[in-house]
Amino acid sequence: MRVLVTGGAGYIGSHTLIELMAQGHAVCVLDNYKNATPAVLQRVRALSNGTMTDYAGDVRDGAMLDKVMTTFKPDAVVHFAGLKAVGESAEKPLDYYDVNVGGTLAVLQAMDRAGCRRIIFSSSATVYGEPVYLPYDEDHPTRPTSVYGQTKLAAEHILTGWTKANPDAAAVILRYFNPVGAHHSARIGEDPRDTPNNLMPFIAQVAIGKRDALTIFGDDYDTPDGTGLRDYIHVVDLARAHVAALDYAARTNGAGIFNIGTGQSYSVRDMVSAFSRACGRDIAVKVASRRAGDIAAMQADASRARHAMGWTATHTLEDMTASTWAWQSANPNGYQTETDTSKITP
Ligand SMILES: NC(=O)c1ccc[n+]([C@@H]2O[C@H](COP(=O)([O-])OP(=O)(O)OC[C@H]3O[C@@H](n4cnc5c(N)ncnc54)[C@H](O)[C@@H]3O)[C@@H](O)[C@H]2O)c1
């Protein structure tokens, strides 16, 4: 298939490009580099023999989308482009609605103009909100507690409405749990620009000496060790879920919603211990009070994805920590080429 990948230079997008090309798909990236650098695509090209073109542009720019659609003529779109920081979404709600909802609308409108009828969408487990039961299945009530989660849910509704209005269309909505890890080559990985919002890159920066200690927000939750439980999924497993979703979208119509997680959860302290084993260093931690809006535990029931798409996660916790450490230690400054590993002021 010919696949347009919006946000393809980002963390999940870059890993997905490699998996798509490995399966013989031709890919085209549209990214505005708001949270990525073109150097990512150079590394992806070096890791793959596949066909890849790329455009620098914004998904809210209809004329740009039309240009890409008429030139590349995609059979399907994988739509990653978006803003993803839960905390920031409360401070900049209009930006989050503009990019995450407005961007999705613009992509669908351009697909309509071009007659493209298949889309895979990056949603999030944050659409569920406070668990009524665990593991979450896809029928769990959706009551997101953040603006970010609300924008993802709004985009899901738009996609569902689009498939109802277009019986020949397919939208596969993937609700990701907690993506971690890096490509086994250690050439691509997660490269947060500011203070990492996610646990694993933060731990990795403590391990490499860029930060003094990991702050654990709350160790008094009703969990076995008091710290929050999350369902971590290796980014390569997540990337492969998109390949499976494209195959599924090619043989179905309508909207399908799938949890993409492992079905297993680990605590913050579990992750710190596992990372410490992977890097052979102690990880300093300090404990602070809970953060507003944080949930004690999250875990996916990923059986629908297994049954319908034949996808299942295969990477272990050790794969997640070892690959993160390999990426971090080989690229102390991420995609920047300088070798300055001096401490960052928190
Ligand atoms: N990483 C996670 O924990 C997680 C969890 C659930 C869902 N998601 C979703 O998955 C998608 C990809 O996440 P990621 O972790 O790879 O994030 P990322 O920030 O690394 O990638 C997003 C990419 O989109 C690009 N982009 C942003 N706004 C754009 C715009 N207006 N036009 C064109 N490109 C734009 C960025 O430059 C970046 O390359 C996002 O939609 C995110 O909300 C991520």
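P135 lies in the loop between β5 and α6 (147–165); helices (H or I, at least four residues) and strands (E, at least two) are DSSP runs, numbered from the N terminus. A cis peptide bond joins L134 and P135, with omega about -5 degrees. The model is predicted: local features need pLDDT of at least 70, side-chain atom pairs count only at pLDDT 80 or more, and totals for chains, interfaces and linings use all residues. Residues are numbered from 1 along each chain as its sequence is written.

Two further backbone features were found in loops. Y33 is not a glycine, yet has a positive phi of about 60 degrees. The residue Y33 sits between β2 (26–31) and α2 (39–47). K73, also not a glycine, has a positive phi of about 55 degrees. The loop that holds K73 runs between α3 (62–72) and β4 (76–79). Most residues other than glycine have a negative phi, and most peptide bonds are trans. A residue is buried if 20 or more other C-beta atoms lie within 10 Å of its own, exposed if 12 or fewer, and partly exposed in between, with C-beta atoms placed from the backbone. Y33 is partly exposed because 13 other C-beta atoms lie within 10 Å. K73 counts as partly exposed, with 13 C-beta neighbours inside 10 Å.

The chain has 11 helices and 13 strands. Its radius of gyration, taken over C-alpha atoms, is 19 Å. The C-alpha atoms fill a box of roughly 55 × 45 × 40 Å along the principal axes. Buried residues make up 50% of the 346 residues. Two residues are in contact if their C-beta atoms, placed from the backbone, lie within 7 Å. Of the contacts with a separation of 6 or more, 80% link residues 24 or more positions apart.

The largest nonpolar core holds 99 residues. Such a core is a set of buried Ala, Val, Leu, Ile, Met, Phe, Trp, Tyr and Cys residues joined through C-beta atoms within 7 Å. I120, A171, V172, L174, I203, A245 and I260 touch the most other members. Helix α8 (residues 235–251) gives the most to this core, with 11 residues. Of the 17 residues of α8, 14 are buried. Beyond four places in sequence, the contacts of I120 include V172, L174, H242, A245, L246 and A249.

The ligand is surrounded by 27 residues, the closest being G7, G10, A36, G82 and S122; a residue is near if its C-beta atom, placed from the backbone, lies within 6 Å. α1 (11–22), α5 (93–114) and β5 (118–124) each give two or more residues to this shell. The largest share, three residues, comes from α1. In α1, 11 of 12 residues are buried. G24 follows α1 and has a positive phi near 90 degrees.

T104 is in helix α5. With 27 C-beta neighbours inside 10 Å, T104 counts as buried. Beyond four places in sequence, T104 is in contact with H79, A155 and I158. T104 and I158 are 54 residues apart in sequence, yet 8.2 Å apart in space, C-alpha to C-alpha.

Notes
Rg over C-alpha atoms; globule rule 2.2 N^0.38 Å.
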